[in-house]
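Welcome! Have a go at each task before reading on.

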Amino acid sequence: MPELTANLRSNVSLARRAWGIRRKALQMGEVQGQGYVGQALGVADVLATSYFHALNLRADDPEWEGRDRFLLSIGHYAIALYAALIEAGILPEDEIGTYGMDDSRMPMSGMASYTPGMEITGGSLGHGLGIAVGMALGLKAKGGDQFVYNLMSDGELGEGSTWEAVMSATQHRLSNLICIVDFNNQQADGPTRDALAVGAEAPKWEAFGWHAQEVDGNDLDALVAAFDAARTCPEQKPRVIICNTKMCKGVPFLEEREITHFVRVEPDEWTRALDILDAEVPA
């Protein structure tokens, strides 16, 4: 585990951090009455492991040069990252009520110029990994030991630019690059596996020269082990962690919805969802 600064290290469990991220995402969704909360609930465990186990950051100095870089390629997941940044103390909790409002530092799609801790403006899907390759190259050229993390969606595996970046990372032996794929098997038009011929993902990345792992993205112990293995891999190659996640994880009545890419939540259901989370607060 890297040396974390005191304002991020604590005895709070990762399960409690993931719960906090889920709750904050639901609170923001309630503000607007909408949002990509299904993705936020599903990826909360990945974000908790990233921010409270793996990343080297300073909450009081989000532009600290020695920080690991965390890139959100999937701009519509911004609500999830905001929740993690608030949980980490990088953004204040009292800004939850401004989500998506005019002049808010938390617009509905992530924009680096607005939000402390938001490294890139994502949203044009398939671009994040290419940017991450450039950052990793730059940090290596400067002799830094920072890691660059790129969180992307399974839908981005259908973008040609993603695979160009995959090959470039291999060519340049970017051992400081860790790609995280949120594989929730959902796109706007239906299941990801119905959109393209995707199969066993880890062997595909391995064939491109990456150190690849595939894990249950809602199992915190598995995530911790995978992040540790990615950081400590002795080979001079890029690393990928494919995280199989459950959309709307933690709110059963939303998990059961047929359409979860942009899950419909009725006005009275926000309180119901929050009550479900509040009934099972982790230690």
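**Exercise 1. A residue in a loop**

In which loop does glutamate 63 lie?

Solution. Before starting, note that this is a predicted model, in which local features need pLDDT of at least 70 and side-chain atom pairs count only at pLDDT 80 or more, while totals for chains, interfaces and linings use all residues. Residues are numbered from 1 along each chain as its sequence is written, and side-chain values use heavy atoms, with hydrogens and water left out.

Step 1. Helices (H or I, at least four residues) and strands (E, at least two) are DSSP runs, numbered from the N terminus. Glutamate 63 sits in the loop between H2 and strand S1 (69–72).

Step 2. Buried means under 20% relative accessible area, exposed over 50%, and partly exposed in between (1.4 Å probe, protein chains only). Glutamate 63 has a relative accessible area of 68%, so this residue is exposed.

Step 3. Now look across to methionine 111, 48 residues away along the chain: its C-alpha atom and that of glutamate 63 are separated by 15 Å.

**Exercise 2. Salt bridges**

Find how many salt bridges there are, then examine some of them.

Solution. Side chains of opposite charge can pair when their charged atoms come close. Here a salt bridge is a side-chain nitrogen of Lys or Arg within 4 Å of a carboxyl oxygen of Asp or Glu.

Step 1. Counting by this rule gives 13 salt bridges.

Step 2. Take glutamate 87 and arginine 17, whose side chains form a salt bridge with an N to O distance of 3.1 Å. This pair links distant parts of the chain, 70 residues apart: glutamate 87 is in helix H3 (residues 78–87) and arginine 17 in helix H1 (residues 14–32). Both glutamate 87 and arginine 17 are buried. A network of salt bridges links Arg17, Lys24 and Glu87.

Step 3. Next comes arginine 22, which pairs with aspartate 45 in a salt bridge, with 2.6 Å between the closest N and O atoms. Again distant parts of the chain are linked, as arginine 22 is in helix H1 and aspartate 45 in helix H2 (residues 37–54), 23 residues apart. Arginine 22 is buried because its relative accessible area is 8%, and aspartate 45, at 5%, is buried too.

Step 4. Finally, glutamate 266 and arginine 264 form a salt bridge whose closest N and O atoms are 2.9 Å apart. Glutamate 266 is partly exposed because its relative accessibility is 31%, whereas arginine 264 is exposed, with a relative accessible area of 61%.

**Exercise 3. Helix H1**

Check the span of H1 against what its residues should give, and find what covers its buried residues.

Solution. Step 1. The expected span of a helix is 1.5 Å times one less than its number of residues. H1 has 19 residues and should therefore span 27 Å; its end C-alpha atoms are 28 Å apart, which agrees.

Step 1. The buried residues of H1 include Leu14, Trp19, Ile21, Leu26 and Met28. With contact meaning heavy atoms within 4.5 Å, the cover over the buried residues of H1 includes H2, H3, helix H8 (220–232) and helix H10 (267–278).

Step 2. After H1 comes glycine 33, with a positive phi near 75°.

**Exercise 4. A residue of helix H8**

Is leucine 223 buried or exposed, and which residues does leucine 223 touch?

Solution. Step 1. Leucine 223 is found in helix H8. Its relative accessibility is 0%, so leucine 223 counts as buried.

Step 1. Not counting residues up to four places away in sequence, leucine 223 touches Asp45, Val46, Thr49, Val215, Asp216, Gly217 and Cys243.
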